[in-house]
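Here's a quick briefing to read alongside the model. Have the structure open and follow along.

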Amino acid sequence: MTSLTEIPEWAVLAEDVEAMKATSMRALFAGDPRRFNRFSIEAAGLFLDYAKNKITEDIADHLIALAVARDVEGARARMFAGEPINVTEDRAVLHPALRDFAMRDYHVCGENVSLKVRAAREKMKAFIGRIHSGAHKGYTGKRLDTVVNIGIGGSDLGPQMATEALRPYWVEGRRSFFVSNIDGQHLADTLAQCDPETTLFIIASKTFTTQETMTNAATARAWFLENGGDEAGVGKHFVALSTNTHAVAAFGIEKDNMFVFWDWVGGRYSLWSSIGLPIALQVGFDNFEKLLHGAHAMDEHFRAAPLRENMPVMLALVGVWNRNFLGAASHAVLPYDQHLHRLPAYLQQADMESNGKRVGTNGAPAPAPTGPVIFGEPGTNGQHAFYQLLHQGTDLISADFIAPAISQSETGDHHEILLSNFLAQPEALMRGKTEDEVRDELSAEGRAQAEIDRLAPHKVFPGDRPCNSILMEKLTPETLGALIALYEHKIFVQGVVWGVNSFDQWGVELGKTLAKAILPEIARRGEVKPAADTHDASTNGLIDRVNHLRAKG
């Protein structure tokens, strides 16, 4: 395939950038009363307004031409067909099969994996039924009403985000905790709130060898045994989300309490699988299935809608326009719903681990910038933190604003105030404020000319800051599922355009390998252990300083 930056469709878009320098988004809105209708899409319970991007109908058409040239439709078909599109690991990418309620068959290497998916889902449902009914009890006969999920990365971020987002749907009397950090304080703080007689531990590790997860799991197991539990009780209080039957059994977990998923399910796309067990335990299996149904609705839209009317496709292409042609190297995710407070962190992994690649699928260096830096916080907190830089900083940063029209918890006029900010911030980023407008305002306030001259430069907003607005009626299991799937498919489309493999993550390996080499060189507290001088001078010096401080302590 010809290099991305050398195809005619890329050159046309580069010319579009030059043509757009002479106009503004204000002018684009003023010149087209139907702009909102032209640049908005509704699907799967979500409404996307992308009119506040510096694009025209011609640019949208040129972006579609780019998608066609990069064979987005073909790549989409290959994904749904179970072809090994994860080329570096020779794996299929079939997380949509986990939430397909159209009873389609999905094949990987000639095997119909749909049957396995349905069987695994039924096993989850039966287990959750036993926990909620009290049929599965702890070692003293008490109900297990507390869940501690021990995982990291996709085995933590997705389930935690979804569980928090669906807080109003929590089953009464149940609690959930999520432990991921190898920092022992994370687990210790969690265990301090738990009763060993009523706590169920979920160990989420496909290989059952992940260092952080298994270290935390071993410590949790020791805590359980030290606080009244016995070896027989481990089988009642610990379950595994894994494929390593031997290691799971050696840990003391019964085979019936091991829930599988497959190598065609990437970690950051796995909350729809058995990795979603903590979600289903907290909100009930019916609501977990509604989450899957919402994602399936977005899958169906993504699979069938024409590119120009396809929400994930257009969200992705606008992102490519902003990243590669307008120079927005960072992208903010700004949910105006407190229950979505973990969504930015979840999308950091989903996007940056997927498309943060400098080498294409062909092994050559990527010819253009790939995935942006993703960050964010819930509104209105972010407005009093980093929005200053969004509005008046020297870097162009694009943004997604997300909100439900109806709150899960209507309280006084709180939600109206929240929505007014959700609507005002994108308008302010788009419009900006000219120096003439600033001077007129200051003059109307009766300011002296000298003061106007002094203040005016500080109060100018450049505007033309690109942003999208995603609106839903209410945050429900269905709309949450659709929202997550929207971003999954957006990331996939951008990876296809950039020519990178969105489904491997070799970048996490080097640091982990070096950490294993350094671990034996770290002194236990109170010991004196000189540095082994096996690293660079900086690392050797830091190891020596760490050991010196631990010896003093």
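Let's start in a loop: Met103 sits between H5 and strand E3 (107-108), where helices (H or I, at least four residues) and strands (E, at least two) are DSSP runs numbered from the N terminus. This is a predicted model, so local features need pLDDT of at least 70 and side-chain atom pairs count only at pLDDT 80 or more, while totals for chains, interfaces and linings use all residues. Residues are numbered from 1 along each chain as its sequence is written, and side-chain values use heavy atoms, with hydrogens and water left out.

- Met103 has a phi near 60°, which is positive in a residue other than glycine.
- Gly379 and Thr380 are joined by a cis peptide bond, with omega at about 10°.
- Thr380 belongs to the loop between strand E11 (373-375) and helix H16 (387-392).
- For background, most residues other than glycine have a negative phi, and most peptide bonds are trans.

**H15 against H20**

- Helix H15 (residues 343-355) packs on helix H20 (residues 477-498) at an angle of about 25°, and their axes are 10 Å apart. Axes here are lines fitted to C-alpha atoms, for helices over the stretch in contact, and angles run from 0 to 180 degrees between N-to-C directions.
- That angle makes H15 roughly parallel to H20; under 35 degrees counts as roughly parallel, over 145 as roughly antiparallel, 65 to 115 as roughly perpendicular and the rest as oblique.
- On the H15 side, the residues in contact (heavy atoms within 4.5 Å) include Leu343, Tyr346 and Leu347. Among their H20 partners are Tyr487, Ile491 and Trp498.
- By class, this contact of H15 with H20 has nine nonpolar, four polar and three charged residues. Ala, Val, Leu, Ile, Met, Phe, Trp, Tyr, Cys and Pro count as nonpolar, Asp, Glu, Lys and Arg as charged, and the others, Gly among them, as polar.

**H14 against H20**

- Helix H14 (residues 311-325) also packs with H20, at an angle of about 50° and with the axes 8 Å apart.
- H14 and H20 are therefore oblique to each other.
- H14 contributes residues including Met311, Leu315 and Arg323 to the contact, and H20 contributes Leu486, His489 and Val493, among others.
- The contact of H14 with H20 divides into twelve nonpolar, four polar and two charged residues.
- H14 passes H20 in a right-handed crossing.

**Pockets**

- The largest pocket holds about 1,100 Å³ of space. A pocket is an open set of points on a 1 Å grid over the protein atoms alone, with protein on both sides within 12 Å along at least five of seven lines; a cavity is a set where a 1.4 Å probe fits but cannot get out, and lining residues have an atom within 4 Å of a point. Grid points are joined across faces, edges and corners, and a volume is the space filled by probe spheres set on the points.
- Its lining has 38 residues, with Thr210, Gln505, Val508, Glu509 and Lys512 nearest the centre of the largest pocket.
- H21 gives the most to that lining, four residues.
- The lining of the largest pocket is made up of twelve nonpolar, 16 polar and ten charged residues.
- The second largest pocket has a volume of about 580 Å³, and H20 supplies the largest share of its lining, four residues.
- Of the 28 residues lining the second largest pocket, Thr361, Gly495, Val496, Gly499 and Val500 lie nearest its centre.

**Cavities**

- Searching the whole structure turns up five cavities of 30 Å³ or more.
- The largest cavity contains about 110 Å³ of space. It is lined by 14 residues, and Gly319, His331, Ser398, Lys490 and Gln494 are the closest to its centre.
- H14 provides the largest share of the lining of the largest cavity, five residues.
- About 70 Å³ of space lies in the second largest cavity, whose lining includes Leu98, Trp262 and Phe288.
- H6 provides the largest share of the lining of the second largest cavity, four residues.
- That lining divides into eight nonpolar, two polar and one charged residue.

Notes: A crossing is left-handed if the near helix is turned anticlockwise from the far one by less than a right angle, and right-handed if clockwise.
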